[in-house]
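Subject: Structure handover

Hello,

Here is the structure I promised you. Please open it beside this email and follow along.

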Number of protein chains: 2
Amino acid sequence: MTMTQQSTFKPGKGIGQPVGVAVLGMGTVGTEVVRLMDEYAEEFAARIGGPLELKGIAVSDLEKQRPGVPAELLTDDAMSLVEREDVDIVVEVIGGIDYPRRIVLAALNAGKSVVTANKALVAAHADELAEAADAAQVDLYFEAAVAAAIPVVGMLRRSLAGDQVQRISGIVNGTTNYILDAMTSTGATYDDALAEATRLGYAEADPTADVEGHDAASKAAILASLGFHTRVKFDDVHTEGITKVTADDIEAARKAGYTIKLLAICEKVTNDKGEESVNARVHPTLIPSEHPLASVKESYNAIYVDSEAAGSLMFYGNGAGGAPTASAVLGDLVGAARNKVHGGRAPGDNTYANLPIAEFGEVTSRYHIDMSVADRAGVLAELATKFADSDVSLRTLRQEEEERHSRARLVIVTHSAKESKLAQIVDELSQLDYVHEINSVIRLDG
Amino acid sequence: MTMTQQSTFKPGKGIGQPVGVAVLGMGTVGTEVVRLMDEYAEEFAARIGGPLELKGIAVSDLEKQRPGVPAELLTDDAMSLVEREDVDIVVEVIGGIDYPRRIVLAALNAGKSVVTANKALVAAHADELAEAADAAQVDLYFEAAVAAAIPVVGMLRRSLAGDQVQRISGIVNGTTNYILDAMTSTGATYDDALAEATRLGYAEADPTADVEGHDAASKAAILASLGFHTRVKFDDVHTEGITKVTADDIEAARKAGYTIKLLAICEKVTNDKGEESVNARVHPTLIPSEHPLASVKESYNAIYVDSEAAGSLMFYGNGAGGAPTASAVLGDLVGAARNKVHGGRAPGDNTYANLPIAEFGEVTSRYHIDMSVADRAGVLAELATKFADSDVSLRTLRQEEEERHSRARLVIVTHSAKESKLAQIVDELSQLDYVHEINSVIRLDG
């Protein structure tokens, strides 16, 4: 068991001393952070024990009009800004990975605490960033990186520090929840729901990062790392997006009492030898319609945490947007500034558990398999035998009418089984001559 | 604006140093805390940076059998235990007010950090406790005092430290929620539902503190203090319990699309002169059945926080019980221990806003008034005029059949108006000769 690397204590600046802040990026979030820092300057000073002083704002385009922002604060030289002596804390709200990585590392190495909202950066380079923060004995905060103002990072780091997290599952991407919710409530196709989400600003012009599950995967990596005190990176997350979910899948789910959501799921896996590992995954998931996550509408986020002593906890709120993200950034900024004034450090990443990433084939799931089969005697019995032979046991097998006379529609729900076994049987099913088509295979949870 | 009083930095014990812990009280929570400290000793050491060492447990009855607890750790002299030099942190899970107040103050004065689950103590004596903690530069944690493992204290203290909380409303008492939920789902009377709750262990033999709203009032005081950075005490909370809620009220609410919950509500009030004050109150409340709080079942708790930038956040989970409370206590213990090892202090109570308590008459509510009136022409018009004259405007006025021929049942929902005006018109209504009976007056929210 590796102990945390924090060692010497870092004394504070003392009560009343101003805390210098540099903001990197003036998009929606940065603009809101700067505005609220100004509007609530007195409140923040009282909460911190000294005033926040905005020392500079790094932007890519100095020519752009930015009403209300003093021009002398703007610079396009982020690197020089973060190394300035009067800057104590750097707020990174640029986005991207490589460029902010360089700047954030430079800031940490220069002894500045960092607050970032950048999930992709944290999910890709957490080790390197945490090491730099530990070496400099400064804070690295990233509450805004997961579900904006829903304080799940703080909850896992602090509130559940005396508990054993068993499982985390949640809706952590607003765009895909908006699309799936629209498909569920209106019967729209995926393409129509995406078009509507784009028109309303819930989806970006290039929606790939959201609809392919990449954004949710970054968040899953961060949640798994914090919850299980280990390191899970973006590349460790098994990720499937929502682009293949059809209106027909949604309707079939609804009829069976389920709702389809894109879930991020983080859990510990114990293999046959009793060895523990960790799994984080993102995929469309059928959940019972009475499950609290099923009723999360529009672009809201919700995170469900199961832990040994606390039981089930759920956190719900706006998981994206300028103001909610700014709320999380400013909460971190006040925390980092308090530490600058009073001394002490926030709990950093503590990956002592050092769990391996589970082989995805070892992960257990339940499957919902919807297929068209030949409408002849004996098919059901043959299928049931097939499943019995494969170590995947059936929970329900339901036959439905199909329009074409010679076909029957079969909906199978399996019991929990290893992904490897499930993948294998789906493959075998697709090769049977009496299976005309596998309409959908969706995992089931909750 | 008073600044926070934290001044000199308190250096830590250093990595690897053990942290001495005294536990006061071995009821359900204390027993679970001691058990989990032992079971997860390695995990906690890794999270803290040094091992927790249980130095002693104060109990009132030394004779009682306590399987698994080393007898040499037990003492009935809590005062000497908390002052022992090898004790760094005191965990208070006794309950009551006067006795734990003396012990906790002695512990703080002796330089020990304190973790308490005692809502009544914190709601009654927060000022005195916070002063002692500040003077000694130690931590005073009480996450478990509100809604057990739902981390609302940490959320208000830290996660929302960069935001402006506007309103907090929540179900913070499991016993009363169990009773009201049972009445709602089965149509049971209050007495029957209470009897069932007692039988199942959801209500204590003397349920007064729960059903009269006192327990919720302590929590409302704590939430309002943290949310608005001011001091609200138990005595400042306007408190009404659920003992007068009838099966008829519940049924009438259901028909109208509402659910009755015992809510704790904390909000800022601005009077006619523009002066701000704070109100905390606990009372049975009609909320729309589609509101997230309406679907909180059995003894679960949920807290809804509205803040300027984050928008609405909801937190849901087990709000009581040994294990969930132990989870919160242990989270605080790990936090306090981290500070002992690494230096620094958690954010303490910061009451800089120093808001007065609102006159209850100035608080605005909406009322749902259910009454029996004479079934004759003109009554509705007279009532409508009465309301118009009183500055309380009507939102809806609904007439229902009553069994007795000469009577009509009227259900009125008002717009938001001052409590003083609402109380006055209810008083006037009761004196009208054509008003036979006022069946219920319940506030409406959400």
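First, a term you will need. Helices and strands here are DSSP runs, numbered from the N terminus; a helix is H or I with at least four residues, and a strand is E with at least two. Also keep in mind that this is a predicted model.

Start in chain A, in the loop between β6 and α6, where A148(A) sits. Its phi is near 45°, a positive value in a residue other than glycine. A147(A) lies in the loop between β6 (140–141) and α6 (152–159). A147(A) is not a glycine, yet its phi is positive, about 55°.

Are these alanines buried or exposed? The cut-off for buried is under 20% relative accessible area. A147(A) has 1% relative accessibility, so it counts as buried. A148(A) has 2%, so it is buried as well.

**The annotated binding site**

Next, look at a stretch taken from a record. An unreviewed UniProt entry carries the annotation "binding site" for L24(A), G25(A), M26(A), G27(A), T28(A), V29(A), G30(A) and T31(A).

Take L24(A). It is in strand β1 (residues 19–24) of chain A. Its relative accessible area is 0%, so L24(A) is buried. Which residues does it touch, leaving aside neighbours within four places in sequence? Its contacts include A58(A), A78(A), L81(A), V82(A) and I103(A). V90(A), V91(A), E92(A), V93(A) and I94(A) are also among them.

Now G30(A). This residue is in helix α1 (residues 28–39) of chain A. G30(A) has 0% relative accessibility and therefore counts as buried. Again leaving aside neighbours within four places in sequence, G30(A) is in contact with G25(A) and V93(A).

**A helix pair in chain B**

Move to chain B. Helix α4 (residues 98–109) packs with helix α5 (residues 119–136) at an angle of about 15°. Their axes are 9 Å apart. Angles under 35 degrees count as roughly parallel, so α4(B) and α5(B) are roughly parallel to each other. Their crossing is right-handed. On α4(B), the contact is made by P100(B), R101(B), V104(B), L105(B), L108(B) and N109(B). On α5(B), the residues in the contact include L121(B), H125(B), E128(B) and L129(B).

**How the two chains relate**

Finally, step back. A rotation of 180°, with 0.0 Å of shift along its axis, superposes chain A on chain B, with an RMSD of 0.0 Å. The two copies are thus related as by a two-fold rotation axis. In chain A, the C-alpha nearest that axis belongs to G344(A), 1.8 Å away. Both copies use the same surface: 100% of the contact residues of chain A recur in chain B.

Best wishes

Definitions and conventions: Residues numbered from 1 in each chain as written. Chains lettered and ligands numbered in written order. Predicted model: local features only at pLDDT ≥ 70, side-chain atom pairs only at ≥ 80, totals over all residues. Heavy atoms only, no water. Least-squares fit on C-alpha atoms with pLDDT ≥ 70 in both. Contact = heavy atoms within 4.5 Å. UniProt positions renumbered as here; feature names shortened; annotations may be inferred. Buried < 20%, exposed > 50% of the residue type's maximum accessible area, 1.4 Å probe, protein only. Axes fitted to C-alpha atoms, helices over the stretch in contact; angles between N-to-C directions. Parallel < 35°, antiparallel > 145°, perpendicular 65-115°, else oblique. Left-handed = near helix turned anticlockwise from the far one by under 90°.
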